[in-house]
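Dear colleague,

I am handing over the structure below, and would be glad if you read it alongside the notes that follow.

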Amino acid sequence: RRPPPPPIVTMLRTCVAAAAFVAAADAFAPGSAFLGTAPAARSTAQLRAAPRAAVAPKVSMMAETKAKLTKLPASVKPGVVTGQALKDLLQYAQDNEFAMPGVNIVGTNSINACMEAAAKYGGPIMVTFSKGGGQFIAGKGLDNKDDRASIAGSIAGALHVRAVAELYGVPVVLHTDHCQKAWLPWIDGLMDANEKYFKEHGEPLFSSHMLDLSEESLEENVGICKKYLERFAKCNVLLEMELGVTGGEEDGVDNSEVDSSRLYTQPEEVWYTYEELSKVPNGQFTVAASFGNVHGVYAPGNVDLQPVILHNTQEYIQKKLGCDDKKPVKFVFHGGSGSSVDDIQYAIKAGVVKMNIDTDTQWSFWDGIRGYEAKHREYLQGQIGNPEGAAKPNKKYYDPRMSLRAAEEAMRDRLVQAAKDLNCINVL
């Protein structure tokens with residue numbers, strides 16, 4: 001049993017405006033019957049040889065996106081979006097061929113940088129808590145037995161977002177990142193918080209959670225995801241699940257030595273997943289289907305992304321369903337840091353609605369601090385004494401808010417660039 005929430009959590013809750021929102025019971029039900037005949041699967045050679053649709057330079061693509069934007073759904077408003085509003089936002093992104101950045105955060109500085117960036121580029125943002133990030137917010141000095149620090153820190157961070165998100169004037173998706181099988185108690189604790197929040201406010205605390213069971217068999221992966229989606233659906237939480245493996249290492253998940261064949265998901269795997277998860281009443285889900293994705297940034301030539309896999313998968317499932325929708329699956333793009341703009345935008349054309357970015361924003365945060373220190377180095381060598389005089393105080397330079405603000409600004413600017421790459425500029 002976890003201890004009751006600390007007084008600060010109770011106090012923060014009073015800052016959150018109660019939302020009288022209850023999604024309709026059929027809000028997330030799949031809209032198409034499972035009909036049709038499967039086309040022949042394409043070989044790996046065909047996948048690599050398949051021609052790509054022309055990708056225009058990013059500036060002209062952005063102009064094209066602005067020109068053809070459909071109307072923003074009325075359900076999507078500034079602040080945290082959940083349930084039907086989240087469903088509408090993701091559909092709006094897919095219809096208009098843009099994706100939102102999904103950013104791992106570690107505290108209020110990086111949270112605020114995300115929302116400030118979104119306000120600057122004029123689009124939505126996904127604020128993402130990892131298990132380790134949640135623990136860091138609670139305090140690394142705490143005992144994390146039974147994931148209690150990870151749970152408490154993630155909840156505290158979510159309540160901070162809810163207290164200030166509306167002030168930034170943008171839609172914010174509250175999300176959690178990779179949760180492998182051994183970490184499911186962390187999600188269980190967050191679902192307890194979601195269900196309690198839902199009873200009080202008519203919506204969950206978090207918008208969505210990601211389960212990464214890609215190390216398990218396909219059947220076990222989908223089976224566990226389906227079981228959790230049944231719980232998620234009762235309080236309008238979206239599930240993000242992973243097929244295949246994202247290479248590299250991030251926040252305690254190390255797939256740097258994985259067989260390269262596991263980096264590429266097959267259409268049949270996505271279809272099986274789509275078919276099973278669509279059976280859950282009120283279930284809403286996205287799929288992180290791997291197409292060579294790797295966490296981290298590597299030298300050119302070391303990562304072979306094949307977003308054509310996503311295009312072929314959409315075609316495969318459309319024919320299976322026998323529907324008119326050319327993008328029946330909402331994909332997410334993991335390991336976005338260091339990816340080329342061409343690969344990013346070609347993936348978006350295949351129905352990607354969110355791209356994870358962590359390594360690049362980590363670097364930008366540090367680079368802001370590094371630049372601040374380099375600029376003011378002579379004022380940061382002691383509390384007193386600088387080029388202006390031996391008795392001159394340096395307090396205004398070593399005030400932590402100064403270097404942390406520089407970090408926020410650098411991270412904000414990197415996210416604005418990411419939004420340009422994702423066609424996510426002025427989409428509200």
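The accessible surface of the protein (Shrake-Rupley method, 1.4 Å probe) comes to about 18700 Å², and 54% of that surface belongs to carbon and sulfur atoms. Please note that this is a predicted model, in which local features need pLDDT of at least 70 and side-chain atom pairs count only at pLDDT 80 or more, whereas totals for chains, interfaces and linings use all residues. Residues are numbered from 1 along each chain as its sequence is written, and side-chain values use heavy atoms, with hydrogens and water left out.

Of the 428 residues, 54% count as buried (under 20% relative accessible area, with a 1.4 Å probe and protein chains only).

Just after H5, Gly122 takes a positive phi of about 75°.

Aromatic rings of Phe, Tyr and Trp (its six-membered ring) pair if their centres lie within 6.5 Å, with planes under 30 degrees apart counted as stacked, over 60 as edge-to-face and the rest as tilted; by this rule there are seven aromatic pairs. In one of them, the rings of Phe129 and Phe206 have centres 6.0 Å apart and planes at 90°, so the pair is edge-to-face. Phe129 lies in strand E3 and Phe206 in the loop between helix H8 and strand E5, 77 residues apart, and both are buried.

Best regards

Notes
Buried < 20%, exposed > 50% of the residue type's maximum accessible area, 1.4 Å probe, protein only. Helix = DSSP H or I, 4+ residues; strand = E, 2+ residues; numbered from the N terminus.
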